[in-house]
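Please read the following note alongside the sequence and the model. The points are numbered, and each takes up one topic.

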Amino acid sequence: MSHYDELETRTPDERATAQLEQLRRQLAQVSLPPGGLAPEDVTDLSDLTRLPVLRKAEIAAAQAVNRPFGGIRASNVAHIFQSPGPIYEPGAVTHDWWRLGRFLHALGVGTTDIVQNCFGYHLTPAGHIFENGARAVGAVTIPAGTGQTDLQVRAAADLGATVYAGTPDYLKVILDRAAETGEELSFAKAAVSGGALFPSLRADYADRGIETRQCYATADLGLVAYESEAKEGMIVDEGVIVEIVRPGTGDPVAPGEVGEVVVTSLNPDYPLIRFATGDLSAVLEGPSPCGRTNMRIKGWMGRADQTAKIKGMFVRPEQVAELVARHPEIRAARVTVTRDGEMDAMAVQVEADSGNAAAWADSAAQVLKLKGRVERVDALPNDGIVIDDRRDYGGTDG
């Protein structure tokens, strides 16, 4: 299959050079202070680490006093969307503004396809994001939205929809209802996001003749990464710069280590610099067999926002990072929360070859504002977890 454009097969040096120039232009128009770093001070993409991470809470706070976008200079705005928070995001209707066309092209969606778009169109932008992408590859869209399964089946059957776009599990609801009512559907491809695509579900769709692939996109950023025909991790989109950092910090992790996904958007209409997604992932080393040359990530691996309330006190990943920073011999640390009878219990595991356990305990008490058992370990699991809350909150089965 041909690639969407020549950007997908650039050499790493070509990509870095082009993105550096784009990044400088972004910095020139960002009005939320990027740490006092002028565009001319940025000489390499690694200079991004000199800038602070931008978190959703900061955007929400800025928007509360400066509507609608908190001082971020958005342009070419056709829509304003609302996400939980509330946080307001701009959207445009120009060609492939959200960059989903790249993902849909990789799936093989084109001018002969009819896309049944089952993402929501109300307030949140997911429906518009996928419709904009479908338009970019020349496909026709049925703006189906969410719910009303009987009407979804009727539309898919009557109009011969060939592509499903929506959350991974809702397609099964439509297919099962169609089977119950004896309707023959024509879905051959599924573009999914917004939830986990479990291997069993992908296999079920494959058994029904549907090629299913997933992408990672957000309301703030548009497309971040996507699956190709290789189905080996997710290829980072050409319109963003992705970093994997230690949760609670802006510090890059070692290659292959799990950390928080931080994204810089190169969309000049809405410049977001080092935006923290709150999601965990890791870099998948090496190029994709499909020929696309950009960095790959392993996909969604959990949430980085692991704040826990222990004995009435909030403990945040940033505090765990501060504990590590106080002692050069500590490579990483993890707070584990359990219950001891009817009381919260906290333990701190420290990854280090040697050190003063008493000094670690003192620092933990100062930084976390709580006392707990501190123990040294040779290595912590590579899963991005820095606060492991093991308390049973009484959830019910089913």
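1. Asp-388 and Arg-390 form a salt bridge, with 2.8 Å between the closest N and O atoms; the term stands here for a side-chain nitrogen of Lys or Arg within 4 Å of a carboxyl oxygen of Asp or Glu. Asp-388 is buried, its relative accessible area being 15%, whereas Arg-390 is exposed at 54%. Buried is used for residues under 20% relative accessible area and exposed for those over 50%, with partly exposed in between, using a 1.4 Å probe and protein chains only.

2. The model is a predicted one, in which local features need pLDDT of at least 70 and side-chain atom pairs count only at pLDDT 80 or more, while totals for chains, interfaces and linings use all residues. Residues are numbered from 1 along each chain as its sequence is written, and side-chain values use heavy atoms, with hydrogens and water left out.

3. Across the whole structure, the search finds 37 salt bridges. One of them joins the side chains of Arg-99 and Asp-237 at 2.4 Å, N to O, and this pair links distant parts of the chain, 138 residues apart: Arg-99 is in the loop between strand E2 (87-91) and helix H3 (100-107), and Asp-237 in the loop between strand E9 (234-236) and strand E10 (240-245). Helices (H or I, at least four residues) and strands (E, at least two) are DSSP runs, numbered from the N terminus. Arg-99 is buried, with a relative accessible area of 12%, and Asp-237 is buried as well, with a value of 0%.

4. Arg-274 and Glu-243 form another salt bridge, their closest N and O atoms lying 2.9 Å apart. Here too distant parts of the chain are linked, since Arg-274 is in the loop between strand E11 (259-265) and strand E12 (275-281) and Glu-243 is in strand E10, 31 residues apart. Both Arg-274 and Glu-243 are buried.

5. Where does the largest pocket lie in relation to domain 1 and domain 2? It lies between them, because domain 1 (12-79 + 232-303) and domain 2 (92-219) both give residues to its lining; the bounds come from an automatic or database domain assignment. The C-alpha centres of domain 1 and domain 2 are 27 Å apart, and 15 residues of domain 1 are in contact (heavy atoms within 4.5 Å) with 11 residues of domain 2.

6. The largest pocket holds about 980 Å³ of space, a volume being the space filled by probe spheres set on grid points that are joined across faces, edges and corners. A pocket is an open set of points on a 1 Å grid over the protein atoms alone, where a 1.4 Å probe fits, with protein on both sides within 12 Å along at least five of seven lines, and lining residues have an atom within 4 Å of a point. Of its 37 lining residues, Ser-193, Gly-194, Gly-195, Tyr-216 and Ala-217 are the closest to its centre. Strand E7 (211-218) is among the elements that give two or more residues to this lining, and E7 supplies the largest share, five residues.

7. The second largest pocket has a volume of about 670 Å³. Leu-45, Ile-241, Val-242, Glu-243 and Met-295 are the closest to its centre among the 25 residues that line it. Helix H1 (12-29) and E10 are the elements that give two or more residues to this lining, and E10 gives the most, with five residues.
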